[in-house]
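Colleague: I would like to learn how to read sheets, rings and pockets in a model. Could we take them in turn, with the structure open?

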Amino acid sequence: LMLTQKDQRTIRSKLDNIYKTFLSKKNIDYFENEIVQIIHHFNKKNPKKKKSISEKTTLVICYGDSVYSEKKKSIKVFQNFFQKKLKDYFDTIHFLPFYPSSSDSGFAVKDHYKVESKLGNWLDIKNVSKSSDVMADMVINHASARGLWFKNFLKKKEPGKDYFLTVDSKFNTSKVIRPRDHRLLKKIKIFKKSDYLWRTFSPDQIDLNFRNPSVLIQFIKIMIHLINNGVTIFRLDAIAYLWKENGSKCINLEQTHEIIKLLRNITNLLNIKTNIITETNLPEKENLSYFGKNDEANWIYNFSLPPLLIHALLFENSIFLNKWSKNLPNTKKGNSYLNFIASHDGIGMRPTEGLFNQKVLNNFLKRLKKNGSKFSYRKVLNKTKKVYEANITVFDALKKSDYDQKGKFYFERYLSAHAIMISFEGIPAIYFNSIFGTANDEAKFIITGNNRDINRYKWNLKNISNKLKDSKTKQNKFYNSICNLLKIRRNQKAFHPNASRINIDLGRKIYGFKRISEDKKQTILCVTNLSSKIQTIKIDKKNQKMKNLLNSKINIMNKKFLILKPFETIWLSNI
């Protein structure tokens, strides 16, 4: 049960790396001991439980009230819906923040130890975890200006005393990389002096002060509390912004990486195995850095995939997608990409930096605008604004293109986007609304004026149930097609998250790659026609024997050419 000296030294070295420039050895001893006690106490109560990923690992991303019914608490409602309609295709539920919150759809947390009452309680989450894996957010960068901690901060009371980041007027913020366009600092008079509060994301979300080790300890305790309530996967929200240094970019700093390594160390030492996912909506190279040397995040979001995939289908051109996937490193055991096209946020544009030139980006944004996108901006150094994300549902994003102005192939484009994402190396995550091809929620946007609300539709249980009963509805068609892709995926060893992926260049109208199972027995050739015209591919003899997992008939012309219908995806398997 006891930690070995080596384990303790590892914890200590991380704490030294983070704190030794401004904390005494005695102070660090104290915090090291506290962490060791937390681990020891947890392991005494919990027998060992393993956790591994496979081709069956698939996430649905949702809010605690993505499905609601007037009479019941909504997590229970969701669980019932999930058991009836989704459990055969998904084994993991990512509930977006379910804590009491004052804004930003749950991301301005008022109290990390409570569940928002209209959603349910901790027991409801624990019940969900009995039949599915549960992923939850640790909103670790900031907390609500209307929450318990901030109220205590103003009174110099625990918990909350020194929890929030204030800087003085000498702090140089000229290089700070921003994800938003509001004013970063707010001047407040507090404890008889003027200081500035740091607000990366909004005036209601005040950044936490990780120079105070008590804040770090608090989040370790929150993590333990979540594990005790059935959560085994942690999404570290906005983690890249955690540490701030005078005169620096205040993003991706070394201490941030060290904190993630420490959290990973702790989770490795706990009897119940959990996974850490870093949410870093950043250019590719920075995003990849969060794997560390296989000692940081277990999974990272594959942020470049959504914009590249949507671009390839809208412009019927695989050049950028191809070049990117050719250079994307294969993951190591214990690491994985988390693949997605849509989430509760918009389609991030920072992940296209270095992949799209300005002209390509402008044309892309122009097309998305025609398809009904709103845009959120961020401030750049010289006071100009840049598009941070496109706010649009995947359904609307792929509805029409310059090549298909009437949207004749909207459904085929949508399905192929998901087929590519589901077969790509990593773990697929599908946003709840994407399962039903939900369109932009213009009504909600008109009421709130919040761009992101366009993609956060909530379903009345009766309404969605009736739509799924009727075979003629759009929702039924989308649901059946997407679930079918997931059903097939679950039975292919070559779709294990770590099965190798080899890029194949088939020209600009087609996108393809090969997946090979870890035991080398199964090979699947995944090929998609990205255009609204029929395409043919020359194939060799051995590929003619392969079977298409998505449609029993393979269309082969005079034994030499494979024929692909507009926006058709095929998965050719050798077994």
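Predicted model: local features only at pLDDT ≥ 70, side-chain atom pairs only at ≥ 80, totals over all residues.

Colleague: How many bridges pair β24 with β25?

Modeller: Two, in the antiparallel sense, with β25 covering residues 561–564.

Colleague: Now a parallel case. Which strands does β4 run parallel to?

Modeller: Strand β3 (residues 92–95) is one, joined to β4 by four bridges. Strand β10 (residues 231–236) is another, joined to β4 by five bridges.

Colleague: Is β4 mostly covered or mostly open?

Modeller: Mostly covered. β4 spans residues 133–138, and five of its six residues are buried.

Colleague: How does the chain cross from β3 to β4, and with which hand?

Modeller: Through helix α4 (residues 122–131); this β-α-β crossover is right-handed.

Colleague: On to the rings. How many aromatic pairs does the count come to?

Modeller: The count is 40 aromatic pairs. Read each by centre distance and plane angle. Phe98 and Tyr99 make a tilted pair, 4.9 Å centre to centre with 50° between the planes. Both Phe98 and Tyr99 are buried.

Colleague: Which residues form one aromatic cluster?

Modeller: Phe78, Phe81, Phe82, Phe95, Phe432, Phe436, Tyr457, Trp459 and Tyr479.

Colleague: Which charged residues lie over a ring face?

Modeller: Lys477 is one, over the face of Phe411 at 4.1 Å from the ring centre. Arg413 is another, over the face of Phe567 at 5.1 Å from the ring centre.

Colleague: Last, pockets. What is the volume of the largest pocket?

Modeller: The general idea: rolling a probe the size of a water molecule over the atoms shows where empty space is left. Here the largest pocket has a volume of about 570 Å³.

Colleague: What lines the largest pocket?

Modeller: The lining has 27 residues; Lys50, Lys51, Asn268, Lys273 and Thr274 lie nearest the centre. Helix α7 (residues 254–269) gives the most to this lining, with four residues.

Note on methods: Residues numbered from 1 in each chain as written. Heavy atoms only, no water. Buried < 20%, exposed > 50% of the residue type's maximum accessible area, 1.4 Å probe, protein only. Pairing = 2+ DSSP bridges. Right-handed = clockwise from strand over helix to strand, strands pointing away. Phe/Tyr/Trp six-rings, centres within 6.5 Å; stacked < 30°, edge-to-face > 60°. Lys NZ or Arg CZ within 6 Å of the ring centre and 35° of its normal. 1 Å grid on protein atoms, 1.4 Å probe; cavity = no way out; pocket = protein on both sides within 12 Å on 5 of 7 lines; lining within 4 Å. Points joined across faces, edges and corners; volume = space filled by probe spheres on them.
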